[in-house]
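Open the model in your viewer and keep the sequence panel beside it. The stops below say what to select and what is there.

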Amino acid sequence: MLKIDSTSSSERAFSGFLKKRLGDGICRVESFEVGDGTENLLFSWGKPEIVFCTHLDTVPPYIPPVLENGIAKGRGTCDAKGQIIAMYNACRKLRDMGETGFGLLLLAGEETGSFGAKSFRDMHPGAEYVIVGEPTDNCMASASKGTKSFEVTIIGKKSHSGYPEYGVSAVELFVDFMERLRKTDFPVDPELGDTTYNVGRLESSNPQNVLSDKVSFRLYFRTTFASDSIVSEVIPGFANSFTGIRALGGDTPSRYLVLDGFPSKPVAFGSDAPQLTNFRNKILCGPGSILAAHTSSEYILLDDIRRATDNYVRMFRMLKYDNIEEKK
């Protein structure tokens, strides 16, 4: 799997490989077109009431795999091809134990806006439980931060850089914007902690000797239960005669089902889980570290994948046979 480049928007070759490779002659294999050239896959053993789920795509750039000393290195090892193999092996174990009523759902486009998850919820009734695989160090996520994204455009006026008094520097206005943002206090959440943000797609194409007449960027927040609505209200107020702001949406912070006997912790990253509204109960858990995901040194321990497989089998049996109402 790691030898196949499945960078977001180009995961079709990977999903095509998995359709052929993971079908065992017993499970039902379904493909759902997302509408952007990608597809979601659902492997079902009986009618799934408990679904294991993770994503097909990875962030760029593609990094070829290396396997040494029980460690797999390369793009997708912990986010999320390690989850795919752990979940698939759990499905095989459950099948061999004579279990039915479970499935493996693989979604496209998680890294670029959960487009596969949004498409799937609109065309499938879902089920009672979904177990979403992300790198959580094999801990159950008790809660996750939300996201809010804004497109910001700052317009200035060109002038010769030797005579800046005849222009308006969009770069200087950008600095003012960021300084105002740094001075904005968001409440600290007792469960999810601080609200954080990042600037991406920052662009100003002016020559070095000409004042910038335009700066554009994306402002991306990780929000908490205490700050989610505040961010949505405060940031549009930064708009003025020079600055345009367009809200691009995002996810709200979420709480997840935690089962007895598993370690748990809150996480600061997003996933497909908030978008899977066609499932009544959600668990977020998987092998690997989020600190390795999206980096040039991404890796996962093979022992953690094996541990995750055993965890997923155990979760299935607890959800199917135990009364978990009191554990929510």
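Which residues line the largest cavity? Select L42, P48, V51, F120, H124, G126, A127 and F279, and you have its lining. The model you are looking at is predicted. The volume of this largest cavity is about 40 Å³, and a search of the whole structure finds one cavity of 30 Å³ or more. Sorted by class, its lining holds six nonpolar and two polar residues, with no charged residues.

**The whole chain**

Zoom out and show the cartoon. The protein has six helices and 16 strands. Along the principal axes, its C-alpha atoms fill a box of roughly 80 × 40 × 40 Å. Of the 328 residues, 51% count as buried. Take the contacts between residues at least 6 apart in sequence: 79% of these join residues at least 24 apart.

**The largest pocket**

Now select E111, T112, G113, Y220 and R222. Among the 30 residues that line the largest pocket, these five lie nearest its centre. The pocket has a volume of about 1,100 Å³.

Next colour the elements around the pocket. At least two lining residues come from each of α3 (115–123), β9, β10 (196–203), β11 (214–223) and β12 (243–249). Which element gives the largest share of the lining? That is β10, with four residues. By class, the lining of the largest pocket consists of seven nonpolar, 13 polar and ten charged residues.

**S159, in a loop**

Select S159, which sits in the loop between β9 (146–155) and α4 (170–182). Is S159 buried or exposed? Its relative accessibility is 10%, so S159 counts as buried.

**D228, in a helix**

Go on to D228, in helix α5 (residues 228–234). D228 is another residue to check for burial: with 10% relative accessibility, D228 counts as buried. Which side chain is joined to that of D228 by a polar contact of 2.6 Å? The partner is the side chain of T223. With neighbours within four places in sequence left aside, D228 is in contact with K148, T223, D251, T252 and P253.

**Y256, in a loop**

Select Y256, found in the loop between β13 (254–255) and β14 (264–267). Its relative accessible area is 8%, so Y256 is buried. Y256 and A143 are 113 residues apart in sequence, but their C-alpha atoms are 5.7 Å apart in space.

Now show the side chains of Y256 and S144, which make a polar contact of 2.9 Å. Other than neighbours within four places in sequence, what does Y256 contact? Its contacts are A141, S142, A143, S144, S271, A273, P274, K282 and L284.

**The cysteines**

A disulfide is a covalent bond between the sulfur atoms of two cysteines. How many disulfides are counted in this model? The count is zero. C78 is in no disulfide, and the nearest cysteine sulfur to C78, that of C285, is 14 Å away. C139 is in no disulfide either, and for C139 the nearest cysteine sulfur is that of C285, 7.1 Å away. A disulfide needs sulfur atoms within 2.5 Å.

C78 is buried, with a relative accessible area of 0%. C139 is buried too, with a relative accessible area of 15%; the cut-off for buried is under 20%.

Definitions and conventions: Residues are numbered from 1 along each chain as its sequence is written. This is a predicted model: local features need pLDDT of at least 70, side-chain atom pairs count only at pLDDT 80 or more; totals for chains, interfaces and linings use all residues. Side-chain values use heavy atoms; hydrogens and water are left out. Buried means under 20% relative accessible area, exposed over 50%, partly exposed in between (1.4 Å probe, protein chains only). On a 1 Å grid over the protein atoms alone, a cavity is a set of points where a 1.4 Å probe fits but cannot get out, and a pocket is an open set with protein on both sides within 12 Å along at least five of seven lines; lining residues have an atom within 4 Å of a point. Grid points are joined across faces, edges and corners, and a volume is the space filled by probe spheres set on the points. Ala, Val, Leu, Ile, Met, Phe, Trp, Tyr, Cys and Pro count as nonpolar, Asp, Glu, Lys and Arg as charged, and the others, Gly among them, as polar. Contact means heavy atoms within 4.5 Å. A polar contact is a pair of N or O atoms within 3.5 Å; within protein, one must be able to donate a hydrogen and the other to accept it, and residues adjacent in sequence count only if both atoms are side-chain atoms.
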